[in-house]
Amino acid sequence: MVGGGACAVCREAATQCCSGCRAVFYCGRDHQRQHWKSHRLHCLPHRVAHDPRLGRHLLATRDIKAGEVVAQEAPVVLGPKVVTRPVCVGCLVRVSETDWHACSGCGWPLCGPECEGAAAHTAECRLMRDKGFRANLAFTPGKKEAAFCAIVPLRCLLLKERDPAKYQSLMAMESHLNERRKTSLYSVYKHNIVGFIRNVLQLTQFDEETILTIAAILDTNCFEIRKGGSKARGVYPTAALMAHDCTPNTKHVFKGSDFTIKIIATSPIKKGDIISTSYTQALWGTIARRAHLKMSKCFDCVCRRCADPTEFGTYIGAISCSKCKSSGNGILDPDNESKMISTDPLDPAAPWKCESCEHTIPGRQMAWGNDAMKQELDAVDVSRPEALENFVEKYISALHPKNSFIVQAKYALSQIYGNGAGYELPELPEHLLNRKIELCHELLELADALSPGMSTFRGLLLYDLQAAMVVQAKRDFENDKITKQNAQDIMGDAMKLLQEASEILRQDPDMTDELQSKMTNLAKELELD
Ligand SMILES: C[S@@+](CC[C@H](N)C(=O)[O-])C[C@H]1O[C@@H](n2cnc3c(N)ncnc32)[C@H](O)[C@@H]1O
C-alpha cells in the first residue's frame, strides 16, 4: 500500500489500493469488488519500487506470460533526435536533404504543407514567429545534423505553461546532470541548446540550470523511436522507469501517429521480478555495452550477462588466443579454438586470460583493441556486401567466428542478402542464398542465448530464415535436386518458423500486413504444383 487517494467509486478519502497496479484507491472491499469489472481492463501488472542501486524501477505485481502487454502509454513529449538526418518537425518522418518543405511560419523542415498545422509543432512555431526568428537551414546529403538538438528541450519548456502537470512529471525524472555537466557534450549543449533558447528565442525566464537539466533528463530517459519512415525520440514516464538489463524481459513497439509505446513481455516474468528493458545493443560485447551505459546513462551495469566472462557461453566479447593459434614454428593453426576471456568482467582494468594457456592481456589493451575494431567496422560501407565479407575474412581468425565485431558484420550481411536492392531473395544467386541461410542459423543461435523468447531480434531472424528456406526449396525442386516430398517437408518446417515469427512480431504495426500475406502465400506454396 502506498500513500492514499480518492476512492475510485465514491471519491471519499481512501487508503487501500489495488494490489495489481497499486495505482487505484478504494475506501473498502465492497467498492473495490464493484470497480473490478471495469478496472480489470486497465489494471496493468506493474508497480513502482525503489532501491539504492537502480533508483525507481518497475516490479511485476503478478506472473506475466511471454507476449503479454505490460504497459502502454502516449509520450509526454516527442521530437527529433539530438543528432539526426533531417526529419519533418511535424510528423517526424525522414525528409530528403535537398527537397523538403520549409514551414511558412518558422522555416523548420516539414514533409509538406499538410504538416504546417501539426499539433506537435504549433506552439514552438508561433513562438519563433513572434520572436521574429526564421530557421535558415541547409543539409548535406547523407550527413547527420545537430541543428535539431534544441527542438525537444524547447517543447519540454513550453509545457510549463501549456500543461504544468506534464512539465512536473518530466522535471521529476532522473537527470544525472552533475555527472553529465563535465562532459564535452554538455559544453556543446551550453552553446547550442542554452544559446538558442535564451539568446536567440530570448526565453530568459529559463536559466541555464533548468535548460541543461531538461537536456539531461532527455538523455537519461528518452526512448529512441523507429517506426516506418520515422526516427525520433520520446519520453514515456512509466516506460522510462524500467531498469536496464543486458538480457531484458520486455521489448517495445510504437503504435499510431502519436507513437504510443507498447511494452510486451518477451519471456515469462514472475511476480516480484524486475521488469527490464535494454538501453544498449545485444550484439555488442561486455566492454562496449558497459562503456556505452556508463557514458549515456551514467551507471555501471552488473547484470548476469555482464558478470559472466563467457556471456552465457556465446564468447561474443572474447578473442582468439594468439599464442595457442601459433604453434611455435610460425605456422598458424586456424582450427585452434582457445579463447581469451576477462578474469573479472565487472572490472575494466582486470587482465584477460586464455582459457587453455597462461597467456594474458591487460584489460586496458583489450579496451583499446575494441575501440580500434569499432573504428574499423564503422569505416566499412555497410551497403556493400563485399566490404563486409572482406572485414569478416580479415578478422575472423584473430577474433573468432562469434566475436561481436564479426557478428555485427554478419548481421549486416544477413540483412542485405535477401532484402537489399539488387539482392532480393528471388534473384539471389545460389551461393548467396546458402550464405544467407547459414548466417540466419548462426545469428539465431546467438539470439537464443542473448535475446531469448519473443524478442524482435529473434522474430525477424526466424522470419528471414523461413523466407530464404522457401526460395531454396522451390529452386531445388524445380532443378530436380530434391523430391517434391523433400521440398514439402522443408516448406512445412518454414511454415513452423513463420508461425513462430508471426506470434512474436504480431504486435509490431510495421509487420502485421506483411506477416498476414506471407502466411497466406506460404500456405498456398505448400501445395507445390
Ligand atoms: C530511464 S532511467 C530509469 C528510472 C530511474 N531509475 C529513476 O529513478 O528515475 C535510467 C536510470 O536508472 C538507473 N538504472 C537503470 N537501470 C539500471 C541498472 N541496471 N543498474 C544501475 N542503475 C540503473 C540509472 O541511474 C539510469 O541512468
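**View 1. Three strands form an open sheet in the order E7-E15-E14, with antiparallel pairing.** Strands (E, at least two residues) and helices (H or I, at least four) are DSSP runs numbered from the N terminus, and two strands pair if DSSP finds at least two bridges between them. Strand E7 (69-73) and strand E14 (250-255) stand at the edges with a single partner strand each, so one side of each has no neighbour in the sheet. On average, neighbouring strands here are turned by 15° against each other, direction ignored; the axes are lines fitted to C-alpha atoms, and angles run from 0 to 180 degrees between N-to-C directions.

This is a predicted model: local features need pLDDT of at least 70, side-chain atom pairs count only at pLDDT 80 or more, and totals for chains, interfaces and linings use all residues. Residues are numbered from 1 along each chain as its sequence is written.

**View 2. Here E14 meets strand E15 (residues 260-265).** Six bridges join the two in the antiparallel sense. Look for Phe-254, whose bridge partner in E15 is Ile-261.

**View 3. Now we visit the ligand, surrounded by 18 residues.** A residue counts as near if its C-beta atom, placed from the backbone, lies within 6 Å of the molecule. The closest are Gly-55, Arg-56, Glu-174, Ala-243 and His-244. Strand E6 (55-60), helix H7 (208-221) and strand E13 (243-244) each supply at least two residues of the shell, and E6 gives the most, with three.
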